[in-house]
Amino acid sequence: MNVFTLKMSLLTALVLKEHAGPVKKKLLELGIVDFRELEGLSGDEVLRAGTDETLEQVGSILQQVESLFHQVHETLPLLTQEDIEADTEIDIKAAERLLDEIFRSLAALREKQKQVTGLLSRYRELHGYLKGNSPDFLDLHVGSFNEGQAERLSGRLIAHSAILVSPEKSPASIVLSLSRERQNVEPVLSSFGWNEEVSILPSEAGEMCLQELERRIGTVEEERRKLLDSITAVIVDRMEELDSLYRQGRVRQLLGYISGHFSSTRNTTIFSGWIPSDDTELFETALQKVTGGVCVIEYTDEKEVDRRKVPVALDDSRFLQPFEKLVTNYSTPQYGTVNPTIFVAVSYLTMFALMFADAGQGLVIFLLGLIGSRIKKGHSILNLMMYLGIASTVSGVLFGSYFGFPLFPPLWFDYHGAVFPHSGDVLYDVYSILGITLKFGIIVIFTGLIINWVNLIRRREWIHLVFEKNGIIGAFLFAMGIYLSYGFVNSGYTGFPSSNLVVVSIALAVAALFFRVPLEHFLARKRGGFLLDSFMEWIVIILEIFSGYLSNTLSFMRVAGLGIAHVSLMAAFGEIASLSPNTAGYVLILILGNILVIALEGLSAAIQSLRLNYYEFFTKFFLGDGTPYSPITLNTRSSGRRI
Amino acid sequence: MLDEQQLAALSKSRSIEQLLHQMQHTPYEQLYTIYHETGDIQMLEAEINSQAIRIHQEIASSLDPVYSKLIDAFTRKLEIENIKGMIRLYFSNIIKGEDISQRFTYLYRERIVDDISWLSLANARDFEEIRKALEHTIYSEVINPFTQERVREEGLFFLETGLDHIWVQSVQAVLPSLAREDRLIITSLLEADGDLKNLINIFRYHALWDLPPDQLRHILYPAGHLQYSEDVRRLMEEDIHTDHIRAILEKRYPRLARELDSVDDEDIRAQVQRIEQYLFIMRKGEYQRLLRGNPFTIGTVLSYFFLSEQQDGVVKRLINAVQYTSASEHYREAGL
């Protein structure tokens with residue numbers, strides 16, 4: 001793990017043109033180069049290699065293959081080293097022929113599927129009216145027609161959403177149709193010599209039609225299932241070819257992307273990109289091996305490049321991956337600054353634990369995360385659930401809470417007892433809980449400020465370090481505010497500590513803030529026009545410091561609020577359960593209560609912890625203007641990836 | 001929303017499967033499953049319409065009663081389209097004797113704004129049943145003057161135009177209860193829309209179809225300044241001439257008047273087309289301006305409605321283009 005974002009190196013490499021092919025493959029195999037456009041090249045002899053002209057066709061082929069994989073719910077093949085080695089020119093025409101064949105077969109099946117769906121909806125409409133007692137929309141005919149024409153009549157009728165039923169035990173037939181189709185159905189019946197009879201009662205006829213419709217719906221649904229199976233079979237039968245086509249195409253596409261970053265002269269090829277500095281040796285060895293040592297590699301000092309253009313790689317351990325997601329979900333930190341992942345992990349887990357302190361419920365969350373991560377591997381949210389579960393379990397043990405009950409004595413203090421005191425001899429009460437969370441908030445804010453100072457020192461922004469809201473003077477005023485508040489609370493809310501030193505130091509700090517703009521003007525050798533600016537900025541920063549830090553700190557009271565709400569909810573469910581006349585009801589209410597609390601409170605605590613991290617912690621130091629490190633690798637993810 | 005790059009990529013799809021596969025992780029994701037299960041692209045269009053209705057309803061349900069009413073009024077536009085679809089079924093089936101069974105499947109049958117018995121509407125055997133299905137709704141006023149005979153004689157044009165006016169009137173009815181800024185935004189949008197639509201209608205139906213003035217007056221959109229304008233009244237009663245139009249435009253839409261200068265005076269169709277283009281660009285610009293402006297106005301919601309309606313249209317056209325035309329024509333067919 002690295003406290004800062006990984007140190008990066010900008011390389012520029014020159015190889016012989018004849019080595020360009022193997023070099024591309026090696027770069028893909030290494031998967032560590034985040035390519036950059038070469039700047040400053042000029043002259044007629046330097047040509048941009050450009051993208052492979054077949055790249056667009058390959059992209060289209062890949063998309064079609066992917067859509068076929070999608071249809072049969074197959075995940076895309078993961079590329080391996082062998083795929084690079086086996087790299088062959090893709091036969092675009094053959095690939096298109098293969099895909100055309102498959103899509104033609106699919107189109108024919110889709111057409112049938114459409115017809116079957118249409119038929120099904122006709123039957124379902126009739127069935128719906130018949131079963132839903134909407135006879136107004138239906139016409140029922142009982143009668144006979146010209147012998148030997150049942151099949152033809154049935155065929156003609158279905159075109160008008162009507163069905164012909166010929167009961168075995170009766171010489172008469174039944175026709176069920178939509179009354180809106182009357183003007184179309186009646187001429188058809190007449191043309192088949194239909195003769196109305198009353199040999200079957202309407203209720204019986206309706207029942208027979210219902211049975212017939214259910215039979216037909218069953219048959220059509222079966223046909224539809226078979227068609228879906230046939231669609232799957234069309235794809236699965238060619239899966240081997242599609243798999244191979246995908247691998248071939250994807251390797252070509254990735255090599256094409258790499259080619260797009262190559263520039264060439266008549267005999268040489270040149271490219272540039274960022275790699276983690278720790279990998280320079282690996283890169284050099286690999287390039288020398290593939291070019292037989294005929295290559296030139298130069299590095300540009302990353303300090304010469306605008307740090308916002310340097311890609312940012314975070315080197316966090318597997319344990320911290322879910323928290324890294326929380327960081328990058330906010331934004332990418334600026335290059336060279338502190339990697340906040342470890343701090344987020346600690347503060348996020350602590351906040352959640354304070355808001356959701358229950359060993360039993362924590363264990364449930366842990367198990368849900370564990371089971372989920374076994375079923376769906378690689379989901380960071382499930383890993384996060386496991387960590388949150390553990391944190392909640394630990395705090396549950398500290399506060400003696402197990403599914404809302406104090407089953408074992410607390411290791412720290414009884415949270416339930418603090419919220420609902422049973423005797424006057426209570427060490428902790430609701431105010432103590434508020435106090436704990438405020439202290440925790442102050443620690444979080446100061447951690448953010450210290451990270452900010454480290455970042456500012458690394459960026460050599462001395463004026464900001466001293467004069468900005470989150471700089472040293474701002475922090476000093478915040479500390480003074482805390483000191484005065486504590487004094488006020490300790491005096492029993494009667495007065496502030498009276499110390500001339502405090503008053504003078506606050507006044508000096510506030511006055512010092514005024515000099516930021518003049519100092520900046522002086523260093524930038526600007527003349528005049530700064531008095532009004534200084535005054536305005538001074539007022540704004542004072543307001544920001546006094547109101548901002550106060551609201552930031554008080555915001556942490558929500559941690560206590562949610563913790564108290566959690567205890568209160570569990571107590572309420574306990575009360576409701578005790579009103580139940582029997583044990584089964586008691587247990588059921590408690591189970592339901594626990595489920596509800598885990599789902600709602602758990603989600604609420606997770607969101608509030610995130611909010612506190614993003615708005616109270618990150619705002620102290622985070623510059624989210626970094627560019628994610630996105631090397632081209634065999635299995636490149638859609639967004640920037642860590643190494 | 002899909003961006004230009006995504007739309008361009010979609011237009012290069014060579015099959016419906018590829019097109020829908022690319023719409024994963026977009027609001028149109030559901031279309032893939034529907035196509036996989038039915039193989040019917042009209043079902044996809046039906047789903048896009050249903051989705052739009054659901055979004056309107058969701059937005060309405062999350063706003064306070066006054067604004068919820070306003071969104072309901074806008075949702076009526078979709079309800080009216082559905083009613084028109086249902087009445088067209090009746091027209092095709094009963095009046096023209098065509099098979100409609102399959103078409104019924106594609107129409108929405110849940111509640112949109114009013115309680116309408118969609119089944120009664122779809123199963124109507126005569127116009128009386130249509131009237132009955134809509135008798136306790138806001139639409140009865142438009143439907144009541146029509147009879148089966150009248151519909152048989154003049155078709156559905158006047159009936160549909162009447163229905164189209166209802167959603168505008170329902171929006172106008174809610175306006176007084178809105179905050180000033182919101183009221184001004186909607187009024188200005190409706191007025192500009194109304195003026196240009198009325199111009200298009202006058203061009204199209206007076207000059208091309210020779211509709212008499214009293215009928216022309218009936219189809220005038222109930223919004224904008226031009227509906228009360230003396231110039232327009234005269235225009236409807238006299239032989240249309242480009243000078244008349246230009247005189248009207250000069251007063252309120254001088255830019256459009258200048259643009260029409262470059263179109264052949266005699267070519268009414270080209271002039272209509274130019275006004276339509278202008279209307280579209282003006283609307284788009286207006287909604288984009290609203291998006292950039294104060295986010296706490298109704299403009300944001302209206303812009304979303306407009307942009308998603310446009311996008312739904314493009315996606316529907318793309319689906320049809322990919323299904324029925326060659327790859328090179330997709331982009332043009334989808335109107336991109």
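The numbered points below describe a predicted model with chains A and B.

1. Overall dimensions of chain A. The radius of gyration of chain A is 37 Å, whereas a compact globule of 643 residues would have one near 26 Å. Along the principal axes, the C-alpha atoms of chain A occupy a box of roughly 115 × 90 × 55 Å. Buried residues make up 34% of the 643 in chain A.

2. Secondary structure and contact order. Chain A holds 22 helices and 12 strands. If one takes the contacts in chain A between residues at least 6 apart in sequence, 78% of them join residues at least 24 apart.

3. Domains of chain A. Four domains are assigned to chain A. Domain 1 consists of two segments, 8–48 and 255–312, and domain 2 likewise of 57–110 and 232–251. Domain 3 covers 123–228 and domain 4 covers 341–620.

4. Domain 1 against domain 2 in chain A. The C-alpha centres of domain 1 of chain A and domain 2 of chain A are 31 Å apart. Five residues from domain 1 of chain A and five residues from domain 2 of chain A form the contact. On the domain 1 side, helix 1 (20–30) and helix 8 (239–259) of chain A are the elements that give two or more residues. Helix 1 of chain A gives the most to that side, with three residues. By class, the domain 1 side has two nonpolar, one polar and two charged residues.

5. A helix pair in chain A. Helix 11 (residues 341–355) of chain A packs against helix 21 (residues 557–578) of chain A, with the axes 7 Å apart and at an angle of about 40°. How are the two helices oriented to each other? Angles under 35 degrees count as roughly parallel and those of 65 to 115 as roughly perpendicular; helix 11 of chain A and helix 21 of chain A are therefore oblique to each other. Helix 11 of chain A contributes Met351(A), Leu354(A) and Met355(A), and these meet Val559(A), Leu562(A), Gly563(A) and His566(A) in helix 21 of chain A. This contact has five nonpolar, two polar and no charged residues.

6. A positive phi in chain A. Arg460(A) has phi near 55°, a positive value in a residue other than glycine. Arg460(A) sits in the loop between helix 15 (430–459) and helix 16 (462–467) of chain A. Is Arg460(A) buried or exposed? The limit for an exposed residue is 12 or fewer other C-beta atoms within 10 Å; Arg460(A) has 8, so it is exposed.

7. A positive phi in chain B. For His25(B), phi is near 60°, again positive in a residue other than glycine. The residue belongs to the loop between helix 2 (16–21) and helix 3 (30–38) of chain B. His25(B) counts as exposed because it has 8 C-beta neighbours inside 10 Å.

8. Span within chain A. Ala233(A) lies in helix 7 (residues 202–237) of chain A. With 14 other C-beta atoms within 10 Å, Ala233(A) is partly exposed. Asp533(A) is 300 residues from Ala233(A) along the chain, and the C-alpha atoms of the two are separated by 73 Å.

9. Chain A against chain B. How many residues of chain A are in contact with chain B? There are 27, and they touch 21 residues of chain B. The elements of chain A that give two or more residues to this side are helix 2 (55–71), helix 4 (92–131) and helix 6 (182–191). Helix 4 of chain A supplies the largest share, nine residues. By class, the chain A side divides into five nonpolar, 16 polar and six charged residues.

10. Domains of chain B. The assignment for chain B gives domain 1 (63–179) and domain 2 (180–296). Taken over C-alpha atoms, the centres of domain 1 of chain B and domain 2 of chain B are 26 Å apart. Nine residues from domain 1 of chain B and 12 residues from domain 2 of chain B take part in the contact. The side of domain 1 of chain B that touches domain 2 of chain B has six nonpolar, three polar and no charged residues.

Methods: Residues are numbered from 1 along each chain as its sequence is written. Chains are lettered from A and ligands numbered from 1 in the order in which they are written. This is a predicted model: local features need pLDDT of at least 70, side-chain atom pairs count only at pLDDT 80 or more; totals for chains, interfaces and linings use all residues. Helices (H or I, at least four residues) and strands (E, at least two) are DSSP runs, numbered from the N terminus. The radius of gyration is taken over C-alpha atoms; the globule rule is 2.2 Å times the number of residues to the power 0.38. A residue is buried if 20 or more other C-beta atoms lie within 10 Å of its own, exposed if 12 or fewer, and partly exposed in between; C-beta atoms are placed from the backbone. Two residues are in contact if their C-beta atoms, placed from the backbone, lie within 7 Å. Domain bounds come from an automatic or database domain assignment. Ala, Val, Leu, Ile, Met, Phe, Trp, Tyr, Cys and Pro count as nonpolar, Asp, Glu, Lys and Arg as charged, and the others, Gly among them, as polar. Axes are lines fitted to C-alpha atoms, for helices over the stretch in contact, and angles run from 0 to 180 degrees between N-to-C directions. Angles under 35 degrees count as roughly parallel, over 145 as roughly antiparallel, 65 to 115 as roughly perpendicular and the rest as oblique.
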